[in-house]
Amino acid sequence: MNIRLVANLLGKESIFIGFAMLMPLSVCVYYGESDATKAFVAGIGACILTGMFLNHFSRHPTGDLRHREGFLFVSLAWTLAGVIGAAPFWFSGYFPSYMDALFETISGFTTTGASVLTDIEALPHGLLIWRSLTQWMGGMGIIVLTIAVLPFLKVGGMQIFRAESPGPTMDKLKPRIAQTAKLLWGIYVGVTLTLVLLLAIGGMDFFDAVCHAFATMATGGFSPRNTSIASYHSVYIDTVITIFMLIAGVNFALHYAGLRGDVKRYFKSQEFRWYMGIFFLGCLFILWNTRHCFDSLFQATQYVTFQVASILTTTGFATCDYVFWPVAAQIMLLGFMVVGGCAGSTAGGLKVMRLGILFRYAHREILRLIHPNAIISIKWENSPVSQDILQAILGFFVFYTILFVSASLIMGMLGLDFVTAVSSVIACMSNIGPGLAGVGPVENYAHIPGIGKAVLSFCMIAGRLEIYTVLVVLSPAFWRM
Amino acid sequence: MSVLVIGAGDVGFMIAKRLSEEDIDVYVIEKDEAKISRLSQMLDVQVVLGSGSSVESLEKANIAHTEMLIAVTDSDEVNLVASFIASTFIDIPTKIARVRGKDYESAKKIFDKEYLDIDLIINPEQEATKTIENLLDIPGSQDAILVADGRVRMGGFNVMRDSPLAGRALKDIPEITRGMRFLIAAIMRQGDLLIPKGKDLILEGDCVYVVMDQGKNEDILAFMGIRKRHTQTVMIYGGSITGEILAQRLEKKGIKVKLIEHDEARCIELSETLTHTTVLNSDFMNRELLENERVFDMDAFIAVSYDEEANILSSLLAKRMGTPHVISIVNNLDYTSLVNDIGVDAVVNPRMVVVSRILQFIRKGKVYTVTSLSNTDAEVIEVEAMETSDLVQRPIKSMHWPSNAIIAGIVRQGNGRVIVPGGNTTIDPGDRVIIFAKKFAIPTVEKIVSVKLDFF
């Protein structure tokens, strides 16, 4: 294990996060928020000191980043991002404990959007934009971003990239990782800017537009408003955000093809068709199920499509409190929390592709019972799924279930009611944010005990890094010589 | 800048590695899933799973925007079809293909511009044979690098305990050579290449690269403690294609060849194609046979059979029985340095030879040859001294020369005399300068010679 190299990279990562804090710092200065300015200056100092400390003890690292170091680096990088990213929150004094600040930051970077704040609007602008910025950076991946902007992070192979990117397979759009990373970030930045513009046209305050655009594109869900998107009462804004949440939940490789003029690629993609299918069928079911909750079909459509898109893409914005919907609709939403968006998007969850392949696999087992001698290959996107990928997906599903059950057990032991315990774990593992009951869309996570916050923070990172990366590092075999 | 490599075997892997380290976009097509996944884990290149002869996978690999095609699969036909597609449907400027089949030897016309239009046909057996011949030209050598059309050579010699160089500092060498021009351009120590400076010591077990001209260099060889006799008799072990080609070429040079092969039918075949060579049939390698055939009187023993282990073991046997120069072909890269350590004089790895031949071909500019030293990150570069560069009209010692590079030789323009440079030597415009450089010193060297050492 080349600890020195990992420490060196972590040091650079830390300094990089310090640089990212320059944006909220300048916002603080612009709005004349002196306390928050101090918090960010101290935060930047903490990042740079941590970075220099790590780099001091790991000067001139030798050797290559092999896949073991890759796993370790990615897991630690996300943890470190949370730990030092929490510094400004903690220094500002708006959070009752460091654990709360850490929970908020990890919730940001992992694009979960679960908050411990009761009065969001009381926060200075600098802290609000930092909440949204952590989500935006975490959406496309901190490490992918670092690779894109820092050329000296010369990683040999794909392992780091793959450890962070969502989905069972990884498309390399360009021959080089750095080019691919730049391209993905280019698309991401472009779509985000478009969204800022569209929201500003719809009458949203520019600052809020930037915050919401960051949170939407990252499928994060942090809002600078106490009542989230509902505070605007605007059909236009609801529609725009619904559409962009759905865009953020689609594989960015498809957007790349689409931007190059190959729009047909969207409809050729099996995952995209399934994703849109799940969305529309889900909307229809919930519309029928909630037909007594709304005044008009128009109003129902506005709220239901928004809510389904928000949950399916794991964003977690809310325009109405779905806790008051019929139970069947709530269970449907809970199911969508597990599904998540497409592979290669900024969304969390199991991913449509994994579920599709799992479904095909289960179907094959039935066919094999009927035709014992049949050889049936599982196909996805018109090509056979290799045994390795299939096994990885099955293993992923098993570990996902184990983590879900054990984390829910702990939450239950901490005294939460059944629905709150289960839905908070799902909402964190799938990086959604709001769950049901005690952690529903108008509630928050402030009342969860400290240990519970720590467990949920772990679930958020494990969910964002798709479990394997984190579990590998935690397994004893990883550390054995 | 984009290159398409077809086939991710050892050769394809090493070429993809070298090119991807130099800011070139590399696409690799390979049909074996395991090789593809290994490649994508280790290298920053774009991989495509598929056959190199299918238009579909070529298109996936961005063939329309490729500037160079390097087809190095194990199959000649796949390589040729890929080159054919590249030259007919898409006009790729440079095409390199590995072709080893004898059938194509007689039909070289198909590679011409009007037909397949392949710029470099590379045959591993022939390249390996050439390398072995170069080694035989410098008796006792471990490595032989030819530059300036063979007018300057670098002989790599293993330093034994009884060598006059062992334990000496570089600056003391002029005393013991008594005025002979003797330059050590580089030292290979445990797989690392060092560019030596005055105070550096030469240790037992090092391989020193000594600059030589095209003559017999008897004084240098004598000084190194190697017998003066030029290679006149050779024993080849293994009737492989390489063995056959080697025997043919050595015959033409008037060298007496004995060839051992275990398969009787192959022996008969060989005895028909070869004229002066004595073909010996023996089921297995044994001491008695070697003694009967007086292996200790041979100038060189070369093991080129298809069986790697047999090559190594028979070479060791011959060495113990007293053959002065023992060369063995070893395909496994991990074995290469090991075999040197246990006493075989020189190891030829046909795959490395192919890789360095290809890299040499695709370097562009006023660079004449670039030879990659086997398994190190160093290169021998030959450039023309330009009027405008910092090389000319000043003594070598007053240049700001990087410490990890050395001027190993100069070929004067006009008379073509080879000069072993010293500190006071000056270089004239138009001279060819031979530089030994470690990879990371190359940017500085580029600046001084004012030539970009880019690929193609």
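Start by selecting Glu466(A), which counts as buried because it has 25 C-beta neighbours inside 10 Å, and 20 or more is enough for that label. The model you have open is a predicted one. Glu466(A) sits in the loop that links α21 (450–464) and α22 (468–474) of chain A. Check its backbone too: Glu466(A) is not a glycine, yet its phi is positive, at about 55°.

**Stop two: a pair of helices in chain A**

Now select helix α2 (residues 22–31) and helix α7 (residues 125–140) of chain A. Their axes come within 8 Å and cross at roughly 155°. That angle makes α2(A) roughly antiparallel to α7(A), because angles over 145 degrees fall in that class. The crossing of α2(A) past α7(A) is right-handed.

Which residues of the two helices make the contact? Show Met23(A), Pro24(A), Leu25(A), Val27(A), Cys28(A) and Tyr31(A) on α2(A), then His125(A), Gly126(A), Ile129(A), Trp130(A) and Leu133(A) on α7(A).

**Stop three: where the chains meet**

Show both chains together. Chain A gives 10 residues to the contact and chain B gives 11 residues. On the side of chain A that touches chain B, three residues are nonpolar, five are polar and two are charged.

**Stop four: a loop in chain B**

Move to Asp117(B), in the loop between β5 (94–98) and β6 (120–122) of chain B. Asp117(B) also has a positive phi, near 55°, in a residue other than glycine. Is Asp117(B) buried or partly exposed? With 17 other C-beta atoms within 10 Å, Asp117(B) is partly exposed.

**Stop five: an antiparallel sheet**

Next, pick out the open sheet of five strands in chain B, ordered β7-β8-β11-β9-β10, with antiparallel pairing. At its edges are β7 (143–147) and β10 (192–194) of chain B; each has a single partner strand, so one side of each lacks a neighbour in the sheet. From one strand to the next, the twist averages 25°.

Strand β9 (residues 184–189) of chain B is joined to β10(B) by three bridges, and the two run antiparallel. Here Met188(B) stands opposite Leu193(B) of β10(B).

**Stop six: a parallel sheet**

Chain B also has an open sheet of six strands, in the order β14-β13-β12-β15-β16-β17, and the pairing here is parallel. Which strands stand at the edges of this sheet? They are β14 (278–281) and β17 (346–348) of chain B, each with a single partner strand, so each has one side without a neighbour in the sheet. Ignoring direction, neighbouring strands of this sheet are turned by 20° against each other on average.

Follow strand β13 (residues 256–261) of chain B, which pairs with β14(B) in the parallel sense over four bridges. Glu261(B) has Asn281(B) of β14(B) as its bridge partner.

**Last stop: an enclosed strand**

Finish at strand β19 (residues 378–384) of chain B. Six of the seven residues of β19(B) are buried, so this strand is largely enclosed by the rest of the structure. Its antiparallel pairing with strand β22 (residues 432–438) of chain B spans seven bridges. To see one of these, select Glu382(B) and its bridge partner in β22(B), Ile434(B).

Technical notes. Residues numbered from 1 in each chain as written. Chains lettered and ligands numbered in written order. Predicted model: local features only at pLDDT ≥ 70, side-chain atom pairs only at ≥ 80, totals over all residues. Contact = placed C-beta atoms within 7 Å. Nonpolar A, V, L, I, M, F, W, Y, C, P; charged D, E, K, R; others polar. Buried ≥ 20, exposed ≤ 12 C-beta atoms within 10 Å, placed from the backbone. Pairing = 2+ DSSP bridges. Axes fitted to C-alpha atoms, helices over the stretch in contact; angles between N-to-C directions. Parallel < 35°, antiparallel > 145°, perpendicular 65-115°, else oblique. Left-handed = near helix turned anticlockwise from the far one by under 90°.
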